[in-house]
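Student: Could we go through the aromatic rings of this protein together, step by step?

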Amino acid sequence: MTNVIGLSPGIDVSAYQRTVNWPEVAKTQRFAIIKLGGGEAAQPFIDRYAIANVDAAWKTSLSVHGYWFFSGRNTNASQMAVLLDALGRVKKKPAMLWVDIEDKSRDDPRIPSTWTEPTEIDRGLAFADALELATGIRVGIYTGAWWWDERWPRSAAKRLGEVG
């Protein structure tokens, strides 16, 4: 749950939370950011609770956002196809989409890293740009400072001044 000064309280939900009591969540939260799926597995996938959670969350007063766990393990095109499929299944599109860019192998040594930093940050940013063009929905980057701050300065986008 996020509750930082200047930000609204919200909740991040994925298959780990399973079915959520959205009316209860809406009593204390302003937004929900729901994992739509990801590219970190052998094949890109739709989170098994994503569609039901997005549709149920919209029945409350919450602002509903969706996120995709981007990974260098799969191509941008294969991840985009699965994400667009997920968005085609919800009754109402998320208010905003987020691309979660990070390398899970840093947290779990059993997961082989496929990242060739800083190239993967640039791939993730290109994915975010393509997603916004494909959907017409505003897209942001969703990651932790612990991951981003170390890698961002080495990305081509930063070096070329494309993004501040």
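This is a predicted model: local features need pLDDT of at least 70, side-chain atom pairs count only at pLDDT 80 or more; totals for chains, interfaces and linings use all residues.

Tutor: Residues are numbered from 1 along each chain as its sequence is written, and side-chain values use heavy atoms, with hydrogens and water left out.

Student: How many aromatic pairs does a search of the whole structure find?

Tutor: Rings of Phe, Tyr and Trp (its six-membered ring) pair if their centres lie within 6.5 Å; planes under 30 degrees apart count as stacked, over 60 as edge-to-face and the rest as tilted. Searching the whole structure with this rule gives 3 aromatic pairs.

Student: Is the pair of phenylalanine 70 and phenylalanine 127 stacked or tilted?

Tutor: A pair of aromatic rings is described by the distance of the centres and the angle of the planes. Here the centres are 5.3 Å apart and the planes stand at 45°, so the pair of phenylalanine 70 and phenylalanine 127 is tilted.

Student: How many residues apart in sequence are the parts that this pair ties together?

Tutor: Helices (H or I, at least four residues) and strands (E, at least two) are DSSP runs, numbered from the N terminus. Phenylalanine 70 lies in strand 4 (residues 63-70) and phenylalanine 127 in helix 4 (residues 119-135), so the parts tied together are apart in sequence by 57 residues.

Student: Is phenylalanine 127 buried or exposed?

Tutor: Buried means under 20% relative accessible area, exposed over 50%, and partly exposed in between (1.4 Å probe, protein chains only). With a relative accessible area of 1%, phenylalanine 127 is buried.
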